[in-house]
Each structure stands twice: as structure tokens, then as C-alpha cells.
Amino acid sequence: MMKKQRVLLIGAGRMAQAVIAGLVKMNSTSLEQIIVTNNGNKQRLQSVTDNYHVVAANNWRDEIKQVDVIVLAMPPQAHDELLRELSSYVNGQLIITVAAGIGPSYMEERLPEGTPVAWIMPNTAAMIGESMSLYTVGKWVNSQHQLVLELVLKGIGQSQLCTEEEVHHLTAITGSAPAFLYYFSESLIDSAKKYGVEEDVAKQLVIQMIHGSSLMLKKEGNPTSLREQVTTPGGATAEGLNVMNNYHFLKMMEEAIDATNKKAMGK
Ligand SMILES: NC(=O)c1ccc[n+]([C@@H]2O[C@H](COP(=O)([O-])OP(=O)(O)OC[C@H]3O[C@@H](n4cnc5c(N)ncnc54)[C@H](OP(=O)(O)O)[C@@H]3O)[C@@H](O)[C@H]2O)c1
């Protein structure tokens with residue numbers, strides 16, 4: 001049986017709200033209270049507490065002693081300073097970050113010896129409970145902490161336990177690739193518009209095409225065979241793919257992924 005948990009979120013933006021919505025949806029008997037604080041945007045804090053019926057706090061420093069879990073849902077750049085300050089307040093709380101690039105070793109370096117830490121890398125679909133989240137844990141995480149982590153992760157979608165290095169390498173694939181897919185969608189919509197199709201219609205066509213294709217992919221599980229089913233050798237689709245290959249599509253993706261990961265790692 002898990003002890004009833006008090007969770008403090010530092011940050012009240014999109015990702016914090018996804019985590020809160022997930023926790024509220026889980027309706028777990030193991031959750032005692034959710035407290036939220038941010039960087040001073042009172043209006044945002046008010047709307048979060050109104051929407052999710054959670055408790056607002058003006059200052060995280062006043063809350064630390066009474067919480068079991070701290071979720072950092074703020075920009076990566078704000079972590080260094082906050083972790084260093086947090087380090088004089090914590091006494092065994094599980095600290096979870098959702099920030100790009102901030103792995104357990106980064107947190108352990110800045111926190112007292114023995115502090116349990118975890119890194120969750122969700123994606124934007126966390127907002128509808130459909131994230132593919134990567135996660136990894138630090139040296140001091142025990143089975144009780146794992147249960148808390150599972151609660152947070154299940155609330156926002158599906159998850160995969162990784163090594164810290166794997167999370168760094170997969171950040172582009174699961175975290176940033178939704179933006180790549182949206183960019184791809186924009187390019188299709190623009191192309192349709194160039195043929196004179198109304199923007200609304202073009203959007204509808206592309207959105208349903210992606211929805212149907214992703215359901216097929218989920219059902220079949222094999223993108224190569226699905227691509228081959230659509231591509232008659234020497235046919236129209238093959239011609240389009242040839243152009244993509246002539247522009248080194250795979251190489252371009254590889255470079256985009258490397259660049260994303262390097263940036264997320266602060267390189
Ligand atoms: N959005 C995504 O798809 C996504 C995916 C994976 C990971 N993430 C990670 O999630 C984290 C938050 O992203 P987001 O999209 O939720 O950003 P966001 O909507 O811009 O919200 C950022 C939040 O952080 C707060 N904040 C900023 N600096 C702070 C500080 N020094 N101390 C306390 N709070 C501070 C802000 O406070 P105010 O409300 O006062 O402005 C705001 O509530 C980032 O680290 C990002 O890498 C996001």
C-alpha cells in the first residue's frame with residue numbers, strides 16, 4: 001500500500017496542467033493533495049486551481065516540508081538555480097522533472113546525497129492523456145517512488161523506462177517529432193492550397209489522412225509494409241517517394257534528430 005502522497009508542482013504551464021489533469025483523472029486513493037506554484041503569473045495560477053480544483057501556493061519554499069513529491073514543470077534553463085536552492089530545503093522528497101535535457105545525473109549533482117530523482121520526457125499529447133513518455137530514475141529511487149512515478153505516467157498516457165542516455169537519444173523521436181509531424185502536415189496543407197483548395201478543406205483532408213494512417217500504423221505495427229501497400233512499383237506514389245529520396249529524406253531526418261538531441265543536451 002502506498003502512503004497517501006502530497007504532490008507539489010513548480011510550474012503551472014502546459015505540461016504541469018497535463019500532469020495535474022492526469023493525476024486528477026487517475027482518481028487514486030494514494031493521492032492526498034496537489035499543490036501548484038509558478039513564477040508569479042497569478043492569472044495562470046488562478047485558472048489552473050479553478051479548472052482542476054487543486055491548491056495554489058505563492059511560494060514553494062513554504063510547501064516543501066509537507067510534500068512527498070515535487071514535480072518540476074518549468075523551463076530547463078530555470079533548473080540549475082532552483083535545484084541549488086531546493087537542495088537546502090529537501091529531506092527525502094521524490095523530485096521529478098519533465099524538462100528537456102535535465103537527467104537524473106544533472107539533478108543528483110545539485111541535490112543532497114540520497115535524494116530520489118526521476119526524469120520524465122513526455123510529449124505534447126500528454127495534454128489529451130496520449131503521451132508516449134520516456135522516463136528514467138536516479139540512484140535513490142525505491143519501489144514506493146516507482147509507484148508514484150507510475151501514477152504520474154499513467155495519467156498522461158503510455159511510458160517506457162529507459163537509461164538516462166536513451167532518454168537523451170530518444171528526446172527527438174518522441175518529444176520533438178510531434179512538431180516534425182505537424183510541420184509535415186503544414187506542408188501538405190500548403191500544397192493543397194496551391195492547387196486552389198480552401199484552407200479549411202485542406203486541413204480537414206490532411207487531419208483525417210493522418211488520423212487514419214496512424215490508426216492503421218497502430219493496428220498493423222509495421223510502417224514498411226504499410227508504405228509498400230500504398231506504393232505500386234513504378235506508380236504515382238513511388239514517383240513522389242523518389243523525389244523525397246532524391247532530396248535525401250532519410251539523411252535529412254537523421255540530421256534533424258541529431259541536431260534536436262544535441263540542443264536538448266545543451267551542446
Ligand atoms: N510542452 C511540451 O510539449 C513539453 C514536452 C516535453 C517536456 N516539456 C518540458 O516541460 C517544461 C515546461 O514546459 P511547458 O510547455 O509547460 O512551458 P510553459 O507552458 O511555458 O510553462 C512554464 C511554467 O514554468 C514556470 N516557471 C518559469 N520559470 C520558473 C521559475 N524560475 N520558477 C518557477 N516556475 C517557473 C512558469 O511560471 P508562470 O506561470 O509564472 O509564467 C510556467 O508556469 C519544460 O522544461 C519543457 O522542456 C514540455
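A polar backbone atom of G13 is 3.2 Å from an oxygen atom of the ligand, a polar contact in the sense of N or O atoms within 3.5 Å. The model is predicted: local features need pLDDT of at least 70, side-chain atom pairs count only at pLDDT 80 or more, and totals for chains, interfaces and linings use all residues. Residues are numbered from 1 along each chain as its sequence is written, and side-chain values use heavy atoms, leaving out hydrogens and water.

**Ligand contacts**
- N38 places a polar side-chain atom 2.9 Å from an oxygen atom of the ligand.
- At N41, a polar backbone atom is 3.0 Å from a ligand oxygen atom.
- The protein covers 79% of the 900 Å² of accessible area that the ligand has on its own (Shrake-Rupley method, 1.4 Å probe).

**Ligand shell**
- The ligand is surrounded by 22 residues, each with a heavy atom within 4 Å of it.
- A12, M15, N39, R44 and M74 are the closest.
- The shell has 13 nonpolar, seven polar and two charged residues, with Gly counted as polar.

**Annotated domains**
- An unreviewed UniProt entry annotates residues 7-101 as "Pyrroline-5-carboxylate reductase catalytic N-terminal".
- Residues 7-101 are 34% helix and 22% strand, taken from DSSP runs (helices H or I, at least four residues; strands E, at least two).
- The end C-alpha atoms of residues 7-101 are 23 Å apart.
- The unreviewed UniProt annotation "Pyrroline-5-carboxylate reductase dimerisation" covers residues 164-264.
- Residues 164-264 are 87% helix and 0% strand, with end C-alpha atoms 13 Å apart.

Definitions and conventions. A polar contact is a pair of N or O atoms within 3.5 Å; within protein, one must be able to donate a hydrogen and the other to accept it, and residues adjacent in sequence count only if both atoms are side-chain atoms. UniProt positions are given in the numbering used here, feature names are shortened, and annotations may be inferred rather than shown by experiment.
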